[in-house]
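The following note sets out points for a colleague who wishes to examine the pocket and the charged pairs of this model. Please read it beside the sequence and the structure.

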Amino acid sequence: MPAHPPPARQGTYSTASGLKEHIIHALELAKSDLEAKHQKANFVRIIMRFPQIRAVFDRLKAIHAKCDDNGDGRISAEEVTAAMAELMNDGRAKGRASIKLDFVKRSLSISEVDEAEETKGE
């Protein structure tokens, strides 16, 4: 089994490249360990060992569950619109009128037009 030397600079979690080095090293170690046990390396299983990443995945799953009103596992345009309206209204000052779904729908359709125009220009 090939040796996996630790990253050159210890304690470099504060930089993107340093953190990347440590994550790659940890993934290589986990993969080697699983292969030594004749088990297949599973990226999700390995990555979920990182508590911060697991917390982000858990938060995304919770947000998805909250937005998926009908529980079909997909977020429809209507569900996105309702979620965005809720988010936009959460930070509104007292006394201000709430943002209506039609405003959010128009905003989303404008961004779709902008995206289509950007794609045409490429």
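1. Helix α4 gives the most to the lining of the largest pocket, with six residues. Both α3 (51–67) and α4 (77–90) supply at least two lining residues each. Helices here are DSSP runs (H or I, at least four residues), numbered from the N terminus.

2. The model is predicted, so local features need pLDDT of at least 70 and side-chain atom pairs count only at pLDDT 80 or more, while totals for chains, interfaces and linings use all residues. Residues are numbered from 1 along each chain as its sequence is written, and side-chain values use heavy atoms, with hydrogens and water left out.

3. The volume of the largest pocket is about 260 Å³. A pocket is an open set of points on a 1 Å grid over the protein atoms alone, where a 1.4 Å probe fits, with protein on both sides within 12 Å along at least five of seven lines; lining residues have an atom within 4 Å of a point. The volume is the space filled by probe spheres set on the points, which are joined across faces, edges and corners.

4. The lining includes R59, K66, D69, E79, E86 and D90, together with A62, I63, C67, A82, A83 and L87. By class it has six nonpolar, no polar and six charged residues (nonpolar: Ala, Val, Leu, Ile, Met, Phe, Trp, Tyr, Cys and Pro; charged: Asp, Glu, Lys and Arg; polar: the others, Gly among them).

5. K66 and E86, both in that lining, meet through their side chains in a salt bridge (2.9 Å, N to O). K66 lies in helix α3 and E86 in helix α4, so the pair ties together parts 20 residues apart in sequence. A salt bridge is a side-chain nitrogen of Lys or Arg within 4 Å of a carboxyl oxygen of Asp or Glu. K66 is exposed, at 56% relative accessible area, whereas E86 is partly exposed, at 38% (buried is under 20%, exposed over 50%, partly exposed in between; 1.4 Å probe, protein chains only).

6. The whole structure holds three salt bridges. One of them joins E35 to K31, with the closest N and O atoms 3.9 Å apart; these two residues lie four residues apart in helix α1 (residues 16–36), about one turn of the helix. Another is formed by the side chains of D33 and K37 (3.4 Å, N to O).
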